[in-house]
Amino acid sequence: MSVFKFKKFSIIQEKSAMKVGTDGVLLGCWVSCEKANNILDIGCGTGLITLMLGQRNLTGNVTGIEIDKIASQEAQLNISNSDWKERIEIKHISLQHFTAQLKFDLIVSNPPFFPQNKSQKSRDIARHTNSLSFEELIDNAANLLSEKGVFSEKSGFRTRYQGRLVNFL
């Protein structure tokens with residue numbers, strides 16, 4: 001079994017196409033989450049960042065959404081094995097079809113970073129913009145943010161989008 005162990009939780013990643021990587025670990029460490037009441041992790045994969053934010057923010061609710069069925073199942077398993085399972089939920093759904101009753105104070109994503117390709121392999125779908133373009137990611141995140149909410153991802157710059165601060169780590 002492929003398991004990545006942290007101090008307070010483990011990530012089972014046996015079947016998922018994308019394994020624990022440096023970008024996800026750094027994003028989970030760097031993003032400021034302590035004051036957020038409602039957190040969304042877009043493309044949560046096996047639940048790495050979702051769990052890191054649940055561990056760091058002991059009162060907020062965290063939702064992870066994942067388009068890949070196998071990854072979302074492993075994420076759910078990882079959440080169910082954690083100390084924060086009462087505050088974290090995983091949904092197998094695309095961002096484009098996701099709706100929420102509440103707005104989010106913090107939205108994070110370790111998004112696809114390669115241009116589109118024709119492959120239908122799970123790993124390629126996770127790494128390429130076939131299913132989620134950067135523009136769709138930004139537009140949907142902006143619509144799901146609370147008035148003073150922050151969207152953080154790992155591109156390396158900071159900007160304002162529709163009057164909201166967007167951090168690109």
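Leaving aside its neighbours within four places in sequence, with which residues is Thr50 in contact? In the predicted model examined here, Thr50 contacts Asp41, Cys44, Val62, Gly64, Ile79, Ile88 and Ile90, contact being defined as heavy atoms within 4.5 Å. Thr50 is placed in helix H2 and, at 0% relative accessibility, counts as buried. Buried denotes under 20% relative accessible area, exposed over 50%, and partly exposed the range in between, with a 1.4 Å probe and protein chains only.

Residues are numbered from 1 along each chain as its sequence is written. Local features need pLDDT of at least 70 and side-chain atom pairs count only at pLDDT 80 or more, while totals for chains, interfaces and linings use all residues; side-chain values use heavy atoms, with hydrogens and water left out.

The protein chain contains 5 helices and 9 strands, in the sequence order β-β-α-β-α-β-α-β-β-α-α-β-β-β. These elements are DSSP runs numbered from the N terminus, helices (H or I) having at least four residues and strands (E) at least two. Of the 169 residues of the chain, 47% count as buried. Among contacts in the chain with a separation of 6 or more, 60% are between residues 24 or more positions apart.

Helix H2 is largely enclosed by the rest of the structure, because 7 of its 9 residues are buried. The buried residues in H2 are Leu48, Ile49, Thr50, Leu51, Met52, Leu53 and Gly54.

The axes of helix H1 (residues 22-30) and helix H2 (residues 48-56) come within 9 Å and cross at roughly 25°. H1 is therefore roughly parallel to H2. Axes are lines fitted to C-alpha atoms, for helices over the stretch in contact, with angles from 0 to 180 degrees between N-to-C directions; angles under 35 degrees count as roughly parallel, over 145 as roughly antiparallel, 65 to 115 as roughly perpendicular and the rest as oblique. At this contact, Gly24, Val25, Leu27, Gly28 and Cys29 of H1 meet Leu48, Ile49, Met52, Leu53 and Arg56 of H2. By class, the contact of H1 with H2 has 7 nonpolar, 2 polar and 1 charged residues. Ala, Val, Leu, Ile, Met, Phe, Trp, Tyr, Cys and Pro count as nonpolar, Asp, Glu, Lys and Arg as charged, and the others, Gly among them, as polar.

A nonpolar core is a set of buried Ala, Val, Leu, Ile, Met, Phe, Trp, Tyr and Cys residues joined through side-chain atoms within 4.5 Å. In the largest such core, of 21 residues, Phe9, Ile39, Leu51, Leu53, Ile88, Leu106 and Val108 touch the most other members. At least two residues of this core come from each of H2, helix H3 (69-80), strand E5 (88-92) and strand E6 (104-109). H2 supplies the largest share, 5 residues. A second, separate core of 13 residues includes Ile42, Ile138, Leu145 and Phe151.

Glu34 lies in the loop between H1 and strand E3 (38-42) and is partly exposed, with a relative accessible area of 44%. Apart from neighbours within four places in sequence, Glu34 contacts Arg56 and Asn57. The C-alpha atoms of Glu34 and Leu106 are separated by 9.9 Å, the two residues being 72 residues apart along the chain.
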